[in-house]
Amino acid sequence: MAWALKLPLADEVIESGLVQDFDASLSGIGQELGAGAYSMSDVLALPIFKQEESSLPPDNENEILPFQYVLCAATSPAVKLHDETLTYLNQGQSYEIRMLDNRKLGELPEINGKLVKSIFRVVFHDRRLQYTEHQQLEGWRWNRPGDRILDIDIPMSVGIIDPRANPTQLNTVEFLWDPAKRTSVFIQVHCISTEFTMRKHGGEKGVPFRVQIDTFKENENGEYTEHLHSASCQIKVFKPKGADRKQKTDREKMEKRTPHEKEKYQPLRN
């Protein structure tokens, strides 16, 4: 998924985030790649974080934004063509997000040879829960003492520098990275979607979350406060192996639909 937005206020968490269907071909993984070494044809087959509201000048709004973030996980096939796509994740499983330098020649020369900072958050997709986010997170902390909502799998990650997880911000992690070098961060989401739903007779329907990335450059004082780019995507998190079962169920439902009905949904990939 690929993103661009201003850092949102607590109740202005991004409302749209897009992941495109996942293709099993992950060419280039495991190689030491420099800036521009990723083939965009490879990237387009993967879920790309959706660009959001940009802080760039208006005359640049239609231009390619500087970074692209790609989540290596399958999206649900049971999503209509013009709806936001949805990715299912397993609780605690490590998922790769590729951090790609998407700048054109001469764009943002001030960050050449320098590090940037990216902040990852897991936030609520639903507006109703955004308004009560603090209370929701405090309730989760009370029920899961000592646990975190979001972690970085540091041994699996590549190219990240000084990763940090503030003990008071359970849903946030951050790190520095060099856009000129291959960077992949593996994240783990430990909360599940049904932990934030009302208990009702006959089961629970899990709420969607957003994975949000905000990227900053250094200011004159060496502080990473100048916003460069942001993006997000929509996810649901299940108990271990639950995402695989849900993905299989969605695929089986789609296979039973008529060809005419399938045209209304995002295409299946094998």
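Colleague: Where does Pro208 lie?
Modeller: This is a predicted model. In it, the place to look is a loop, and Pro208 lies in the one between E9 and E10.

Colleague: Is Pro208 buried or exposed?
Modeller: The relative accessibility of Pro208 is 10%. Buried means under 20%. Pro208 therefore counts as buried.

Colleague: Which residues is Pro208 in contact with, leaving aside its neighbours within four places in sequence?
Modeller: Contact here means heavy atoms within 4.5 Å. With the neighbours within four places set aside, the partners of Pro208 are Phe124, His125, Asp126, Gln234, Ile235 and Lys236.

Colleague: How many aromatic pairs does the structure hold?
Modeller: Rings pair if their centres lie within 6.5 Å. By that rule, the number of aromatic pairs in the structure is 6.

Colleague: What kind of aromatic pair do Phe124 and Phe196 form?
Modeller: Their centres are 5.0 Å apart, with 80° between the planes. Planes over 60 degrees apart count as edge-to-face. The pair of Phe124 and Phe196 is thus edge-to-face.

Colleague: How many residues apart in sequence are the parts that Phe124 and Phe196 tie together?
Modeller: Phe124 belongs to strand E5, residues 116-124. Phe196 sits in the loop between strand E9 (183-189) and strand E10 (209-218). The pair therefore ties together parts whose separation in sequence is 72 residues.

Colleague: Is Phe196 buried or exposed?
Modeller: Phe196 has a relative accessible area of 8%. The cut-off for buried is under 20%. So Phe196 is buried.

Colleague: What kind of pair do Phe196 and Phe209 form?
Modeller: The ring centres of Phe196 and Phe209 are 5.8 Å apart. Their planes stand at 90°, so this pair is edge-to-face.

Colleague: Which residues do ring pairs link into a cluster?
Modeller: Phe124 pairs with Phe196. Phe196 also pairs with Phe209. Phe124 is buried at 3% relative accessible area, and Phe209 is buried at 1%. The cluster linked by ring pairs is Phe124, Phe196 and Phe209.

Colleague: Which strands are the edge strands of the open sheet?
Modeller: The sheet has 4 strands in the order E2-E4-E9-E6, with antiparallel pairing. An edge strand pairs on one side only. The edge strands are E2 (67-71) and E6 (150-152).

Key
Residues are numbered from 1 along each chain as its sequence is written. This is a predicted model: local features need pLDDT of at least 70, side-chain atom pairs count only at pLDDT 80 or more; totals for chains, interfaces and linings use all residues. Side-chain values use heavy atoms; hydrogens and water are left out. Rings of Phe, Tyr and Trp (its six-membered ring) pair if their centres lie within 6.5 Å; planes under 30 degrees apart count as stacked, over 60 as edge-to-face and the rest as tilted. Helices (H or I, at least four residues) and strands (E, at least two) are DSSP runs, numbered from the N terminus. Buried means under 20% relative accessible area, exposed over 50%, partly exposed in between (1.4 Å probe, protein chains only). Two strands pair if DSSP finds at least two bridges between them.
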